[in-house]
Amino acid sequence: MTSGALMRAVVRRGPALVVDDLATPEPAAGQVLVRTLCCGICGSDLHAVHAMETMVALSARTGEPGLIDPARDIVFGHEYCAAVLDHGPGTDRRLKTGTRVVGMPVVPTPRGFETVGYSNLFPGGFAQQMVLTEAMLLPVPNGLSDVAAAMTEPFAVGEHAVAESDAGADTVNLVVGCGPVGLAVIAALKARGLGPVIASDYSPARRRLAEQFGADEVVDPAADDPHARWAALGVPHSRTERSLLAMTGGTGKRAVVFECVGVPGVIQSLIERVPVGTQILVVGVCMQTDSIEPFLCINKSIALKFVLAYTPDEFAATLRHIADGTIDVAPAVTGEVGLDGVADAFAALGEPDRHCKIVVRPGT
């Protein structure tokens, strides 16, 4: 439902982003109305501007209900920090008016689960106001800035990827791609005290960010081969090497690789180069058809695992890590814009040496 009041928002109409006035939504049962304080631009948003139709078509092939019509208005934004304005019926009002909140961008409806920011019915954080599910919201700890709190969602993606991996005291961990997703993975690994963590990216700016987030070694793959480090770090490369090590009572370390690029050909290149027994976590989102050679995976006993999003517990843990300083998200945020600057920000984020994460402030 909507009220008669209007709010400003950045709207996807076809492949264009336009600033327009929309009706302010009204909270239904179990929902709250919030004022958006800030919202990060996600890499998925960059894809969705021009490829929302493809995203919807691919999602339909996974058996998910078709809840999005790409021909209708969509307001992006799911990495938000907001302040509670009003409560819908049936809410327990545990979050008082004015409370700053973050939360998983999910709204249960009779049709299925709507995703705030990827919905025709629930505008995201590139709007001045949103309707969110009360049960999904967490209060922002005192002292934590709006921008830092908004980074909970993207960094929870890294938390989930690491939680789903075999990374531990006996692994050497390679992060391929040091954009926001790769940085979130590095942060989650270091929050657990794990290492060594090797980070690989062609962009000098992103390699510097990887160092700030705690990567133990940073590699420019144009000048150096990240896979040349496995042996020196105690990871046997071939089945023969591992067998010879076992004959002397050794086990060696294992390799865990996080693919955070999402470009065709990257998975295959990793399969060819990683040591025997490697686990590859695919975290980067590739929407194009890709190809691999399964025989190589079989012969090298490679485990491929694809991961998505995060659990409520992982989201809450990420907020705690940011609030207590275990993860310093500040280096990842490289710009802020108002609604009128969103379209230009989308273009700027295509230059990895210029920006990492840009935050939108709908009130400015």
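Helices (H or I, at least four residues) and strands (E, at least two) are taken here as DSSP runs, numbered from the N terminus. The structure is a predicted model, so local features need pLDDT of at least 70 and side-chain atom pairs count only at pLDDT 80 or more, while totals for chains, interfaces and linings use all residues. Residues are numbered from 1 along each chain as its sequence is written, and side-chain values use heavy atoms, with hydrogens and water left out.

On to the region around α7. Thr278 sits in the loop between α7 and β14. Setting aside neighbours within four places in sequence, Thr278 touches Ala255, Val257, Ser301, Ile302 and Ala303, contact being heavy atoms within 4.5 Å. Helix α7 itself (residues 266-273) has Val266, Ile267, Gln268, Leu270 and Ile271 buried. These buried residues pack against β10 (171-176), β13 (254-259), β14 (279-282), α8 (294-299) and β15 (303-306). Ser301, one of the contacts of Thr278, belongs to the loop between α8 and β15. At 39% relative accessibility Ser301 is partly exposed, and its phi is near 50°, a positive value in a residue other than glycine.

Now for the cores. A nonpolar core is a set of buried Ala, Val, Leu, Ile, Met, Phe, Trp, Tyr and Cys residues joined through side-chain atoms within 4.5 Å. The largest one holds 51 residues, and Phe155, Leu183, Ile186, Leu189 and Phe258 have the most contacts inside it. Helix α4 (residues 180-191) supplies the largest share of this core, seven residues. Beyond its neighbours within four places in sequence, Ile186 meets Val175, Cys178, Val197, Ala199, Ala210, Phe213, Gly214 and Ala215. A separate core of 41 residues includes Met7, Leu17, Leu22 and Ala345.

Helix α3 (residues 152-163) packs on α4 at about 60°, with the axes 7 Å apart; axes are lines fitted to C-alpha atoms, for helices over the stretch in contact, and angles run from 0 to 180 degrees between N-to-C directions. That angle makes α3 oblique to α4 (under 35 degrees is roughly parallel, over 145 roughly antiparallel, 65 to 115 roughly perpendicular and the rest oblique). On the α3 side, the contact is made by Pro154, Phe155, Gly158, Glu159, Ala161 and Val162, and on the α4 side by Leu183, Ala184, Val185, Ala187, Ala188 and Leu189. In the loop between α4 and β11 (197-200) lies Pro196, and the peptide bond from Gly195 to Pro196 is cis, with omega near 0°.

As for aromatics, the whole structure contains four pairs, counted when ring centres of Phe, Tyr and Trp (its six-membered ring) lie within 6.5 Å; planes under 30 degrees apart are stacked, over 60 edge-to-face and the rest tilted. Phe126 and Phe346 make an edge-to-face pair, 6.3 Å centre to centre with 80° between the planes. This pair links distant parts of the chain, 220 residues apart: Phe126 is in the loop between β7 (112-115) and β8 (129-133), and Phe346 is in helix α10 (residues 342-348). Both Phe126 and Phe346 are buried. Tyr310 and Phe315 form a tilted pair, because their ring centres are 5.6 Å apart and their planes lie at 50°. Tyr310 and Phe315 are buried as well.

Technical notes:
Buried means under 20% relative accessible area, exposed over 50%, partly exposed in between (1.4 Å probe, protein chains only).
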